[in-house]
Structures are given as structure tokens and as C-alpha cells.
Amino acid sequence: MAPQDLRSFVAAYERAHPGEVVRVAEPVSIEHDVMALVLEYERRRRWPILLFEKVAGHDIPIVANAVASRRALAFALGVPERELAAEYARRIKERVKPVVVPDPPFHRRVLRGADVDLGKLPIPLYFPGDAGRYLTAGMLVARDPETGVETEGYHRFQVKGPDRMGVSLHSRRRMFEYQRRAEARGQALPCAVVLGLHPLVSMGSLAYPPPDVGKFEVVGGLLGEPLEVAPCVTADLHVPAHAEIVIEGEILPGVREPEGPFGEFTGYFS
């Protein structure tokens, strides 16, 4: 099987397009530096993958822009840029069921209880007007409480404490419905927030398959082979086995808190 992890993708992309992976070796702050560099490249009409190798106060690097350019997306699919849209449209219909692997890298280091501290992760403050630090590339995974069908999608997560985040489900798609159904039963919705994924996993999460089809099957179609998934440690969920970091938790029933504002890709705070 071809590698399904983000590190292998970035390394292969760098070999194929050396100027499109920019390694930032000098230390950066998690306050504003990351977005400042992204926006400066964007101003120059460039969207390279950015690797911030040293983040002040943290021992974990940051990768940005993994899915920011058509060039990177086409490279992930293995086609020229001009064929990206047609090939994506073709492959999302060719679904392949995932396979479960027993010993994923994210099982090797597990923190629980009082050891859980989101402050240890280099989660940036992007804009001066943001309500706080935000995870923007965390893929939320959960199951329908009624059918058991899994879904995943990108939602913004506002850090609110060492083990608490706010999630915005304002798109009112599948995840909103799953949370609503769990809440109607008075139950929390078990979920996982997955960080550090191959671009094809991200691209598959954007599809809208029929309600009885999980999105990991769509990812398999994009890969042309089964996506390797692995069980979470505390939740009855499977997530991509080659994820860098998995945050396991639950969306609480009946709890509503202010969330935002946050500077969105539209150029507005919402």
C-alpha cells in the first residue's frame, strides 16, 4: 500500500516540487506568526506547504497549507492539475471500505485524566480579534447514535481550558444531526478530533455520500485502496491509523456557550 501519512506526503511533495515546501527553521510564536506568514505568501499568490520546525515554548512543529493549493491536491491524487476536478469527481463515487489495523502510532503515547492539557499542543492564536486559540485542521469523527454510520468533517475548535474546547456545528450537516440525536436521548456524543492527516483524508471528508455510507469509504476511493483505520483508546470509534494526534472526548448534551469570534477564510470575523 502507498503511504497514508502526512509526513510521507510532505516528503514526496518536497522531492517533486522543492520550492513548494517551505521549512521555517527560526523559532516562531504561536501568537500571530503562523497566520502572518501564510498571509504574506498568499499576498504573493503562493500557497506552499509551511513547516514551522521550532515553535517557541513547544516541542511539536506546526504544518500549515497542506491542502491550500490545487498543485498539492492534484499531487495527492497523482494527476496533473488540469485533471484534478474530473478525477476527484470520478473517484469519490468509487467507494472502498476501510481496513482496521491493530497498532497505530497514536497508541504509543497516551495521556489521560489530569495529564490531558491542550496547552501542551502548539495551537495558534491567528488574528488579534479571535476569541482565543483555535484548532483549525482538526477533523471531527463521530457515529450516528441511531445507525452507527461514522462521519467526519472539519469544524473549528476554540480552546476553553486544559481539557475543554468549544465546537461550532453551524453548517448543520451530518455532525449537527448526530449531536442533535444524541442530545434528544440525553446522551453525550463520543467523538475524536484528529490532527495531521494525508490530504486525501481531508478531501474525502468534504464529500456528501448517501446517509448509510461512511466517509472513510469515500477516502478509500480517493486512495484507490482501503484507508487504514484504528480503534480509539476510550471511544467506540475508528480514526485514520496514520494520524499524528488524536484527541478523544465527547460533545456534552444541553450545554451551550458563546463561541468566537474567529477570523474565517472569507476575510470576516464570525
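User: How much space lies in the second largest pocket?

Analyst: Rolling a probe the size of a water molecule over the atoms shows where empty space is left. On a 1 Å grid over the protein atoms alone, a pocket is an open set of points with protein on both sides within 12 Å along at least five of seven lines; a cavity is a set where a 1.4 Å probe fits but cannot get out. Points are joined across faces, edges and corners, and a volume is the space filled by probe spheres set on them. Here the second largest pocket holds about 220 Å³. This is a predicted model: local features need pLDDT of at least 70, side-chain atom pairs count only at pLDDT 80 or more, and totals for chains, interfaces and linings use all residues. Residues are numbered from 1 along each chain as its sequence is written, and side-chain values use heavy atoms, leaving out hydrogens and water.

User: Which residues line the second largest pocket?

Analyst: Lining residues have an atom within 4 Å of a point. There are 15 of them, and A2, P3, F9, A76 and H198 lie nearest the centre. Helices are DSSP runs of H or I, at least four residues; strands are runs of E, at least two; both are numbered from the N terminus. α1 (6-16), α3 (70-77) and α7 (215-223) each supply at least two lining residues. The largest share, 3 residues, comes from α1.

User: How does the lining of the second largest pocket divide by residue type?

Analyst: Ala, Val, Leu, Ile, Met, Phe, Trp, Tyr, Cys and Pro count as nonpolar, Asp, Glu, Lys and Arg as charged, and the others, Gly among them, as polar. The lining of this pocket has 9 nonpolar, 3 polar and 3 charged residues.

User: How many cavities of 30 Å³ or more does the search find?

Analyst: The whole structure has 1. The lining is Q4, L197, H198, V201, L227, P240, H242 and A243. Of these, 5 are nonpolar, 3 polar and none charged. H198 also lies among the residues nearest the centre of the second largest pocket.

User: Is Q179 buried or exposed?

Analyst: Buried means under 20% relative accessible area, exposed over 50%, partly exposed in between (1.4 Å probe, protein chains only). Q179 sits in helix α5 (residues 174-184). Q179 is buried, at 8%. Contact means heavy atoms within 4.5 Å. Beyond its neighbours within four places in sequence, Q179 contacts L169, L189, I251, L252 and R256. Across the chain, 46% of the 270 residues count as buried.
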